[in-house]
Amino acid sequence: MVIRLTGRAQEALRPGEVVFLDWHVTGLCCADAGEFSVRAVQAAKLPRRMQPVHDSPPGSVFAHPVGWAHLTNRDVTVDCRRIGRWRRFVTDLPTDAGLRACLGRLADSTAPPDS
Amino acid sequence: MNRLRPRTVLVWSAVSLIGAVAWTVLALSRGESVSAIWIVAAALGSYAIAYRFYSRFIADKVLRVDDSRATPAERLDNGVDFQPTDRRVLFGHHFAAIAGAGPLVGPVLAAQMGYLPGTIWIIVGVIFAGAVQDMVTLFFSMRRDGKSLGQMARDEIGPVGGAAALVAVFSIMIILLAVLALVVVNALAKSPWGTFSIAMTIPIALLMGFYLRVLRPGRVVETSVIGVGLLLASIVGGGLVAESSWADTFTLEPTTLVLWLVGYGFFASVLPVWMLLAPRDYLSTFMKIGTIAMLAVGVFATTPVLRTEAFTDFAFNGAGPVFAGSLFPFVFITIACGALSGFHALIASGTTPKMIQKESQIRLIGYGAMLCESFVAVMALIAACALDPGLYFAMNSPAGVVGSTAQSAADAVAAMGFTITPDQLTAAAAAVEEETLVSRTGGAPTLAVGMSEIFAGVLGGAGMKAFWYHFALMFEALFILTTVDAGTRVGRFMLQDTLGNLWKPLGRVSWKPGLWATSAAVVLAWGYFLYTGVTNPLGGINQLFPLFGIANQLLAAIALTVATTLLIKSGRAKWAWVTGIPLVWDVAVTMTASWQKVFSSDPRIGFFAQRDKYATSLDAGEVLAPAKNLDDMHAVVTNSTVDGVLAAFFGLLVVVVLLDAARIWVKALRVGNLPTTEAAYVSSQIVAPSGLMATAEERTARDLVDAGGGTSH
């Protein structure tokens with residue numbers, strides 16, 4: 001699995017920044033699920049346990065280890081949409097991708113960019 | 001297996017003795033004052049024995065865990081993509097993932113039957129059912145590259161069982177959300193302090209989201225510190241608001257809170273993840289770990305005395321005001337997550353198996369974490385049983401039973417055989433700065449009062465009770481709000497997938513109108529049950545909580561069925577009793593509860609008997625208490641009918657899954673075994689300990705690998 005940055009996403013990254021695929025825990029009664037989000041962060045400020053992943057271009061993407069475990073055999077494309085100076089990074093993962101992954105239904109989805 | 005050394009025999013004999021003495025004290029004490037420390041000792045002693053012997057038996061003999069076999073995390077580890085997670089870190093992940101609000105509410109409600117039924121089921125249930133389910137599910141999912149429970153049900157049982165499991169999950173979501181939201185409504189109704197504090201969590205989370213995304217990107221620790229500070233300030237601020245002219249603004253009727261919650265559920269589920277969900281995760285994680293740790297410390301430090309009886313009469317006559325029905329099956333249905341939870345199978349088959357280092361670590365992570373979860377439930381039970389029973393029943397009985405004043409509640413509680421004066425009830429409410437504690441059903445307020453007693457005993461004394469009470473309420477509410485959000489999203493994508501087969505655009509997950517429409521449909525579905533729960537003259541929790549319990553145990557039945565099927569299919573049929581016995585028990589409990597809720601002729605228990613009673617009176621133009629008018633009567637008739645149909649539906653789903661699985665069992669038993677979807681064997685290169693602490697042999701093996709430059713984690 002590879003996380004690819006589009007040209008727009010690469011251009012939007014500032015010096016020292018990487019794209020970070022984060023994982024946010026959500027409760028489901030007495031079990032936790034989670035959801036992905038993506039944003040740009042300074043590589044130097046990432047917590048140590050956030051790991052580099054297979055990416056293109058190399059060294060541009062880090063991921064939360066729990067979220068990453070749910071992306072087995074799945075390529076992800078990260079794009080960036082600008083609104084003025086504000087950068088909004090998005091992935092081609094379907095809406096609710098994290099919850100779908102936790103319930104084993106991510107593979108069924110082939111949706112266009114949305115996250 | 002190694003022979004036991006004399007020192008080991010001595011240690012385990014001592015542990016057994018402590019556990020046995022504690023159980024004996026609990027079993028024989030009747031009428032005496034019993035310290036909660038005996039429950040703690042019975043629990044810890046039993047857990048230790050179960051972990052040391054039963055979980056090892058299951059791992060070694062039944063599952064035949066093989067540390068020479070690479071786990072998915074190692075097989076897929078190319079040094080970059082996957083890295084097996086240290087067992088201690090993964091234990092923390094797994095425990096945090098299964099320790100939610102669920103195990104705290106169930107034991108509080110089950111305390112109406114006394115402290116002993118709940119204690120026995122939480123401890124025995126986890127040892128022979130809950131922890132077994134989690135560990136075995138983890139094992140089989142790990143052997144299948146971390147497949148989910150639903151995938152395993154489809155692959156190993158068949159499409160019918162798989163579809164039934166899917167329908168079950170969707171139905172469970174709707175009832176789960178309604179019940180948990182009802183807990184929040186009952187905790188916040190007419191409580192300006194609580195309502196203000198919880199309401200503030202939303203702007204705090206939004207502010208954190210904006211801060212983290214726009215103002216100070218990447219500053220997670222800084223943002224969390226600010227968020228937690230604001231959270232504590234909002235609890236303190238709630239007290240000030242309650243005494244100010246704003247109090248009326250935040251004093252909301254239950255039906256108003258329902259509308260707010262339904263609106264919240266919709267917007268939270270359609271907002272981007274980074275805006276609300278992500279920052280609230282940082283807040284709730286802090287609250288969860290902090291509060292559970294504080295409760296444990298508080299129970300150990302204060303060792304409260306249990307003030308309820310070992311068994312109340314309600315355990316046998318089934319006439320309890322908190323929920324109707326006798327000990328079997330309703331105490332098991334009510335405790336739910338603390339002893340056996342189907343939801344844990346979602347974690348054991350989703351996230352954890354993709355991260356584990358060694359097969360043998362399923363004991364620590366699958367079985368051990370569930371024992372810890374059970375201990376959380378034990379502490380919740382202690383917090384409820386340490387309360388004055390008069391206060392407990394005044395708080396947990398529906399308004400139709402105890403009325404709305406301290407006097408009417410004191411009279412009603414006296415009629416139940418317990419004592420509390422109106423002055424004592426008023427003083428208890430004043431101590432936590434609430435207008436009243438009468439009929440604050442749902443479990444959360446009771447737990448909050450119990451926790452405030454324990455916390456105040458450790459930190460701050462009586463003057464801090466109100467703060468701790470609202471802190472505990474916020475702790476419960478935060479979790480429930482994350483479930484409202486996540487559950488709505490889960491229901492939404494299931495609905496999208498299903499309706500997408502009928503009309504393609506709805507299946508397109510990025511099509512916003514479809515997203516909004518399905519979100520609204522899910523919110524309205526649980527909102528309907530929430531509204532009926534709030535307005536039902538018979539009370540809401542006592543009607544809906546059994547449905548939630550049945551649904552939760554139904555999911556456990558599906559997980560245990562999948563586990564039993566895999567044991568039989570993989571040539572381990574002689575050990576199928578390990579999951580088969582808890583499955584039989586769980587099915588007996590679930591089916592008996594469903595049967596009674598559908599067919600019991602007692603209108604307090606059977607939904608249709610209740611419907612008939614009220615419909616007959618309605619036809620005669622009569623109004624039956626606690627209904628106050630014909631509209632109330634109509635509401636009871638409609639609600640009872642819907643609830644009865646749902647109870648029957650849940651029972652039917654259990655039967656469908658079981659029959660479909662039985663077909664596979666018979667087939668597998670005839671031929672010896674059947675092919676499964678187990679991943680092919682790959683030799684492991686990792687050396688890592690099995691348990692929390694590395695043994696001398698494991699340290700030596702690791703040193704050898706390190707010296708040879710081999711792979712180790």
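Analyst: Quick ground rule before you ask: an axis is a line fitted to C-alpha atoms, for helices over the stretch in contact, and angles run from 0 to 180 degrees between N-to-C directions. This is a predicted model, where local features need pLDDT of at least 70 and side-chain atom pairs count only at pLDDT 80 or more, while totals for chains, interfaces and linings use all residues. Residues are numbered from 1 along each chain as its sequence is written, and chains are lettered from A and ligands numbered from 1 in the order in which they are written.

User: OK, so which elements does helix H22 of chain B lie across, and at what angle to E2(A)?

Analyst: H22 (residues 465-500) of chain B lies across E2 and E3 of chain A, and the angle to E2(A) is about 100°. Helices (H or I, at least four residues) and strands (E, at least two) are DSSP runs, numbered from the N terminus.

User: What makes a residue part of the contact of chain A with chain B, and how many residues does each chain give?

Analyst: Two residues are in contact if their C-beta atoms, placed from the backbone, lie within 7 Å. Chain A puts in 41 residues and chain B 53. On the chain A side, the elements giving two or more residues are strands E2 (17-28), E3 (31-42) and E4 (51-52), plus helices H2 (65-69) and H3 (97-102). E3(A) has the largest share of that side, with 9 residues. By class, the chain A side splits into 21 nonpolar, 11 polar and 9 charged. For the classes, Ala, Val, Leu, Ile, Met, Phe, Trp, Tyr, Cys and Pro count as nonpolar, Asp, Glu, Lys and Arg as charged, and the others, Gly among them, as polar.

User: Why are E3 and E4 of chain A said to stand at the edges?

Analyst: The 4 strands make an open sheet, ordered E3-E2-E6-E4 (chain A), with mixed pairing. E3 and E4 of chain A each have a single partner strand, so one side of each has no neighbour in the sheet.

User: How do you know that E2(A) and E6 of chain A are a pair?

Analyst: Strands pair if DSSP finds at least two bridges between them. E2(A) and E6 (residues 61-63) of chain A have 3 bridges, in the parallel sense, so they pass the cut-off. Leu21(A) sits opposite Ala63(A) of E6(A).

User: And which strands pair with E7 of chain A?

Analyst: E1 (residues 3-5) of chain A pairs with E7 (residues 76-83) of chain A in the parallel sense over 3 bridges, with Leu5(A) bridging to Val78(A). On the antiparallel count, E7(A) and E8 (residues 86-91) of chain A share 6 bridges, and Arg81(A) has Arg88(A) as its bridge partner. E7(A) and E8(A) form a hairpin with 2 residues between them, and Gly84(A) in the turn has a positive phi of about 65°.

User: What joins Phe328(B) and Pro329(B)?

Analyst: A cis peptide bond, with omega about 10°. Another one joins Ala625(B) and Pro626(B), at about 5°, and Pro626(B) sits in the loop between H27 (607-619) and H28 (630-671) of chain B.
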